[in-house]
Amino acid sequence: MKERQLGSKRSLITRGLVLEDNTLKIPEAYTQPFCDFLTENPTVFHTVAYFEKKLEKAGFIKLSERKTWNKDLVAGGKYFVSRNGSSLIAFTVGKAYESGNGVAMIAGHVDALTAKLKPVSNKKTSAGYIQLGVAPYAGALNSTWWDRDLGIGGRVLVKDSKTGKITTKLVKLGWPIARIPTLAPHFGVGMNGQNNAETQAVPIIGLDNSDLYDKSTGEEFKNMTLGGEGAFTATQPPKLVRAIAGELSIQDYSSIINWELELYDTQPAQTGGLDKEFIFAGRIDDKLCSWSAMEALLASSASSDSEDSSIIKLVSVFDDEEIGSLLRQGARGNFLPSTIERISESFSSNGSSSNILSQTYANSFLVSADVTHAVNPNFLGSYLEGHAPRLNVGLVVSADSNGHMTTDSVSTALLTRVAEKSNSKLQLFMIRNDSRSGGTVGPMLSSAMGVRAIDAGIPQLSMHSIRATTGSLDPGLGVKIFKGFLDHFETVDKEFE
């Protein structure tokens, strides 16, 4: 019997089950869609664009921060708004919603460790190698980035020569263009110890041995200008400019007025293990929780159980968490508080009111959903007994005695009731006293709004490596409990009044 069940699981995953609608599925059904999502959306801009398309397909209406919402929002409506193309908030309004009622919200982040192109990314050819000027975002360019097949993608700002209008185009090249080569151990020191991120972690992107044949070039650094003197493209490697322009069918290089491009690991996300128990992928942190939360919102909005809801159900995914969230699209900005304020104001007969907003926050609850550490069997001594989360089991509640997490006894009890109602299992994690705790968007958001909150995320191995591991069931288990939170918070909250 056990063997037949495992065989069934394998076939379901490897077939790449297609989700025909947004209703809640069994955990296995989310495995391949999540892998495809990671592979196809390598940058934060691609990720937000993916969510926008999926939300629009499900009937969500896009709002603009630059316009009033007072006439747009209606009870029973479904909406989303984005900022900078790299952060997004989606929400549904219960049919029985009234201003001052609570918001059941989940917050994650979609940025990941990466290497971003410098403003002037063109570099002098070195020993025949064309190199690319990049800077680490958060902890990128660490040892796991060496000898990887690196692709390039991001957003490009293009100016229409006829109208003068500037538009944003997303781009990713379909092949690896860069590599950071290690030094072989035969050279002695090799890769032992610290390596200089500025001088020794410079990606190679091509070859140019023309100096061997054209002695007139001398030692002076000369750049082939594309787009004319003073153009942005004149500061970038010519071969890269041609490749990006070709991918976007741009004929006039000078129409590219700027870009934000980054490197990423091109190896596809895939299942692994003898019974396909694992997902091996890049950028799991924190696209895993963000994707599961968004799928949960879609499933909740498609459920008939949401007909009588009197609350707001909301999912927010932020940029810049890995570098402190201090930018306007980060969680420390006003994106989430201002969105809730505008929703509350739209349904208030008195318009904007600090009284109504304070009431809304007091009735609300935040799940700060960021990935956490799964137990590593080779380093069991690094984990606290009873605080060693396993893969394919369930969401992990993260605690910290120094306030790096929002978790407390009340929020843990509330989420435990949600887990019971949704037939989900919770696990616990806390770092050892002699180790350093990480941080999440939870404390900054809960303190800014004064909402009750908990830190609870999906476990993974090898956090901040260019390739990480989670369980093949974990994306679906995340969808299940996040939907349970959105669906059951309203009734569970009454137990805590």
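I will go from the overall chain to the cores, then to a few local features.

Some ground rules. This is a predicted model, with local features requiring pLDDT of at least 70 and side-chain atom pairs counted only at pLDDT 80 or more, while totals for chains, interfaces and linings use all residues. Numbering starts from 1 along each chain as its sequence is written, and side-chain values use heavy atoms, with hydrogens and water left out.

Overall chain. We have 10 helices and 20 strands. These are DSSP runs, numbered from the N terminus: helices are H or I with at least four residues, strands are E with at least two. The C-alpha trace spans about 80 × 60 × 45 Å along its principal axes. What about the radius of gyration? For 497 residues a compact globule would be near 23 Å, and the chain has 24 Å, so the two agree. That radius is taken over C-alpha atoms, and the globule rule is 2.2 Å times the number of residues to the power 0.38.

Burial next. Of the 497 residues, 51% are buried. Buried means under 20% relative accessible area, exposed means over 50%, and partly exposed is in between, using a 1.4 Å probe and protein chains only. The chain exposes about 22,900 Å², with carbon and sulfur atoms supplying 50% of that. The areas come from the Shrake-Rupley method with a 1.4 Å probe; for residues, only the protein chains shown count as cover.

Contacts are heavy atoms within 4.5 Å. Take those between residues at least 6 apart in sequence: 76% join residues at least 24 apart.

Now the cores. A nonpolar core is a set of buried Ala, Val, Leu, Ile, Met, Phe, Trp, Tyr and Cys residues joined through side-chain atoms within 4.5 Å. The largest has 55 residues, and Phe-51, Leu-88, Ile-106, Val-367, Phe-482 and Phe-485 touch the most other members. Helix α5, residues 284–301, gives the largest share of this core, nine residues. Another core lies apart from it, with 32 residues, including Ile-180, Ala-245, Leu-248 and Leu-263.

Look at Ile-106. Setting aside neighbours within four places in sequence, its contacts include Ala-293, Leu-314, Val-367, Phe-482, Phe-485 and Leu-486.

On to helix α10, residues 474–493. Where is its kink centred? On Asp-487, with a bend of about 45°. The bend at a residue is the angle between axes fitted to the seven residues ending there and the seven starting there. Of the 20 residues of α10, 16 are buried, so this helix is largely enclosed by the rest of the structure.

Gln-236 sits in the loop between β9 (204–207) and α4 (238–247). Gln-236 is buried, at 0% relative accessible area. Its side chain reaches the backbone oxygen of Pro-119 at 2.7 Å. It also makes a polar contact with the side chain of Ser-121, at 2.4 Å. A polar contact is a pair of N or O atoms within 3.5 Å; within protein, one must be able to donate a hydrogen and the other to accept it, and residues adjacent in sequence count only if both atoms are side-chain atoms.

Last, backbone geometry. Most residues other than glycine have a negative phi, and most peptide bonds are trans. The Asp-285 to Asp-286 bond is cis, with omega near -5°. Asp-286 is in helix α5. Ser-325 has a positive phi of about 65°, and is buried at 1% relative accessibility. His-464 has phi near 70°, and is partly exposed at 37%.
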